[in-house]
Amino acid sequence: MNHSNYKGVMVYIEQRQGEIQKVSLELLGKGLDLAKELDEKLTCVLLGSHITHLSEELVYHGAEEVYVVDDPSLSHYMTEPYTKALSAVINEHKPDIVLMGATAIGRDLGPRVSARLHTGLTADCTSLEIDPETKNLLMTRPAFGGNIMATIICPDHKPQMSTVRPGVMKKPVRNTSLSGSIRTVEADLSPKDMNVELLEVVKVEKKRINIEEATTLISAGRGIGSKDGVVTIESLASELKGEVSGSRAVIDLGWVDKDRQVGQTGKTVRPNLYVACGISGAIQHVAGMEESEFILAINKNPDAPIFEVADLGIVGDVHKVVNAVVTELKAYKAKNI
Amino acid sequence: MEFGLSKEHQMLRDMLRQFSNSEVQPLAKEVDELERFPIETLPKMAEIGLMGIPFPKMYGGAGGDNLGYAMAVEELSRSCATTGVVLSAHVSLGASPIYEFGTEQQKQKYLVPLAKGQQLGAFGLTEANAGTDASAQQTTAVLDGDHYVINGSKIFITNAEYADTYIVMAMTDKTKGTRGISAFIVEKGTPGFTFGPKEKKLGIRGSATSELIFENVRVPKENLLAKEGHGFKIAMKTLDGGRIGIASQALGIAQGALDATLSYTKERKQFNRPISAFQNTQFMLADMATQVETSRLLVYRAAWLKDMGLPYAKEAAMAKLFASEAAMSVTTKAVQLHGGYGYTREYDVERMMRDAKITEIYEGTSEVQRMVISAAYLK
């Protein structure tokens, strides 16, 4: 394989119902860094139906070239036509690196495209760097449930493909003075590519999810004082888009439902963020949550054992602290929307 | 050397056995099945003086001794281990610390109604993070004017919610470690003092076991037992005596299982013979009986030493260790000799087997007893 043909960084732009997904903009930010380091171009691919008008926005976020496939058969995400279209763009423009978000769509599309192109793909990366010597892309991802970090390279095949976990890369600053070219690509899509018939797209109002699957848990202990105290916890949960859970004490008191119990006799959770509100931190509780990525403990007793496992501890009245955090979050959001 | 019981102790035993058979045995199955506290038995126990059996009459007690107390727990437990532990926790853990360490005023106010059986006692030492390592107390007591303010919680407390008077350990000075622990008398109903739900247990299911929760509980200064910093010593001394009670409970459970098995194996026939005619059965019964008798000698000796005012901590630990492990072994064999019937709740032995296990755990696990015993020899 002649590698010298393959140049530049290409980001697959995920849009849903005409809305660019945040992860795609994050990848433009990362892609820009990588492209600079390689001294090459940052391009992106936008697939969909009636979506060409979104291209400008991608230029404002750093893309020098936007390849657009605007076709009715791409009106909803479907594996086959999207795979065909993206593969066609890659084959034509031969990028050195292809990035996509590790969303449900990205994780479906990525492996299909890499298999069709016969190249390597690393899923769910959290860090991307360029090896200064070989110029290979160093793709780092957590493996074995996050217990080891694996750095993977794809030295013999091109493009080097990676799906990237949403939220780990930084969105670039939107700059309307940037310019770039927008090119329409014909992907030769035909009705026979539609091997799946889409009957209905259902958007379900997000229900309470199982606390074992939640990425953010706001957990109540006896320190919340009363059943009414759960309202405070819920306000923080809704602000952080998290779920409410509790220690055995509050479950026994009937303040929180039994299926929300964290601990040895409840559920073992490992969310990205665990906020322990008024939980003393008996070992029976800690055993169920100590593997959480980041633990924030709020307790009025500075000697509470929960502080031994907490990454961040606040000594103070749960209600005052949580209400203050909620106020700050609201203010932050108001400023940053 | 004298191994016989005195005339008084023999009379006491007859009375206890009669009481156990007529008042305790009939309730045992229901108490277990419904996980129900045997509340109606308490006034009857008070009436015959059991609730204050080892305490002097001047404090409302029966003027008996620790041997008599051990026999009382044993006989109750023969029928119903739940009833046995209610008495044991009340006398050894609730009332004894007040008797041993209380001021005259505290004795009059708290010990007298306990010993008379007008009130029930309990003892709060264990915490979620302080079980065998009892020194790791996190409950705190802070002096504020003429009150101590207690915050924290205690778990697995026997008689909780049913008791009126609680001995509670709390840290008054964390920097001093075990010497920073103090003991307090806390009354039920003090604002901020509440209970968690009843634990669901394998055995002794009628015994009430709950969490004690203290949220800014204000206890008068005069309810401090002995001095600040004496709590750990009080707790350890109290547990020494409490171990005689649990050893007696284990002994009673084992005796009850042996009794049931003796009569069952004489009645049950297989291969045209009562199963007691098989040598396997006979040998198992011999082992069981020997374990029961060994337990009894150890338990009675520990009680006797205490009555004599001699050191008894090591002997109490040995009695508790041996009797509880014997109870586990004897009840397991009892279920086996009952065959399939022994596994059903129709017969008493499966309950006894479930009840026996806790005796190896509470008031110091078997491992703690071994620590106490070996420390006494290796010092």
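Q: Is B:Ser96 buried or exposed in this predicted model?
A: B:Ser96 lies in helix H4 of chain B. Leaving out residues up to four places away in sequence, B:Ser96 touches B:Phe55 and B:Val91. Its relative accessibility is 12%. Buried means under 20%, so B:Ser96 counts as buried.

Q: Which residues is B:Ala28 in contact with, leaving aside its neighbours within four places in sequence?
A: B:Ala28 is part of helix H1 of chain B. The relative accessibility of B:Ala28 is 1%, so this residue counts as buried. Outside its sequence neighbours within four places, B:Ala28 is in contact with B:Ser79, B:Cys80 and B:Arg351.

Q: What distance separates the C-alpha atoms of B:Ala28 and B:Pro56?
A: B:Ala28 belongs to helix H1 of chain B. Along the chain, B:Ala28 and B:Pro56 are 28 residues apart. Between their C-alpha atoms the separation is 30 Å.

Q: How many of the eleven residues of H10(B) are buried?
A: The buried residues of H10(B) are B:Val349, B:Glu350, B:Arg351, B:Met352, B:Arg354, B:Asp355, B:Ala356 and B:Thr359. What covers them includes H1, helix H3 (66-79), helix H4 (81-101), helix H6 (231-267), helix H8 (313-337) and helix H9 (339-342) of chain B. H10(B) is thus described as mostly covered, and the number of its eleven residues that are buried is eight.

Q: Which elements give two or more residues to the lining of the largest cavity?
A: The structure holds one cavity of 30 Å³ or more. The residues that line the largest cavity are B:Lys29, B:Asp32, B:Glu33, B:Arg345, B:Tyr347, B:Asp348, B:Glu350, B:Arg351 and B:Arg354. Two or more of the lining residues come from each of helix H1 (7-33) and helix H10 (349-359) of chain B.

Q: How many residues in the lining of the largest cavity are charged?
A: About 50 Å³ of space lies in this cavity. Its lining includes B:Lys29, B:Asp32 and B:Tyr347. Asp, Glu, Lys and Arg count as charged, while Tyr counts as nonpolar. By class, the lining has one nonpolar residue and no polar ones, and the number of charged residues is eight.

Q: With which side chain does the side chain of A:Asp96 make a polar contact?
A: A:Asp96 is found in the loop between helix H3 (79-93) and strand S6 (97-101) of chain A. At 5% relative accessibility, A:Asp96 counts as buried. Not counting residues up to four places away in sequence, A:Asp96 touches A:Tyr6, A:Lys7, A:Gly8, A:Leu38, A:Glu40, A:Lys158, A:Pro159 and A:Gln160. Its side chain makes a polar contact, at 2.7 Å, with the side chain of A:Lys158.

Q: What percentage of the residues of chain A count as buried?
A: Chain A has nine helices and 17 strands. Its C-alpha atoms fill a box of roughly 65 × 50 × 40 Å along the principal axes. Among contacts in chain A between residues at least 6 apart in sequence, 63% join residues at least 24 apart. Of the 337 residues of the chain, the buried share is 48%.

Q: Which residues of chain B lose the most area to chain A?
A: The contact takes ten residues from chain B and nine residues from chain A. About 870 Å² is buried between the two chains, and carbon and sulfur atoms give 40% of this area. On the chain B side, 38% of what is buried comes from the residues that lose the most area, B:Asn129, B:Gln138 and B:Pro197.

Q: Which residues are the closest to the centre of the largest pocket?
A: This pocket has a volume of about 1800 Å³. Helix H1 (22-38), helix H4 (104-117) and helix H9 (318-335) of chain A are the elements that give two or more residues to its lining. The lining divides into twelve nonpolar, seven polar and 14 charged residues. Of the 33 lining residues, the closest to the centre are A:Lys22, A:Glu26, A:Pro166, A:Gly167 and A:Lys241.

Q: Which element gives the largest share of the lining of the second largest pocket?
A: The second largest pocket has a volume of about 1300 Å³. Of its 44 lining residues, the closest to the centre are A:Arg222, A:Ser280, A:Gly281, B:Ser153 and B:Glu211. By class, the lining has 13 nonpolar, 22 polar and nine charged residues. The largest share, five residues, comes from S3(B).

Key. Residues numbered from 1 in each chain as written. Chains lettered and ligands numbered in written order. Predicted model: local features only at pLDDT ≥ 70, side-chain atom pairs only at ≥ 80, totals over all residues. Heavy atoms only, no water. 1 Å grid on protein atoms, 1.4 Å probe; cavity = no way out; pocket = protein on both sides within 12 Å on 5 of 7 lines; lining within 4 Å. Points joined across faces, edges and corners; volume = space filled by probe spheres on them. Helix = DSSP H or I, 4+ residues; strand = E, 2+ residues; numbered from the N terminus. Buried < 20%, exposed > 50% of the residue type's maximum accessible area, 1.4 Å probe, protein only. Polar contact = N/O pair within 3.5 Å; in protein donor to acceptor, adjacent residues only side chain to side chain. Contact = heavy atoms within 4.5 Å. Buried area = accessible area lost by both parts, 1.4 Å probe.
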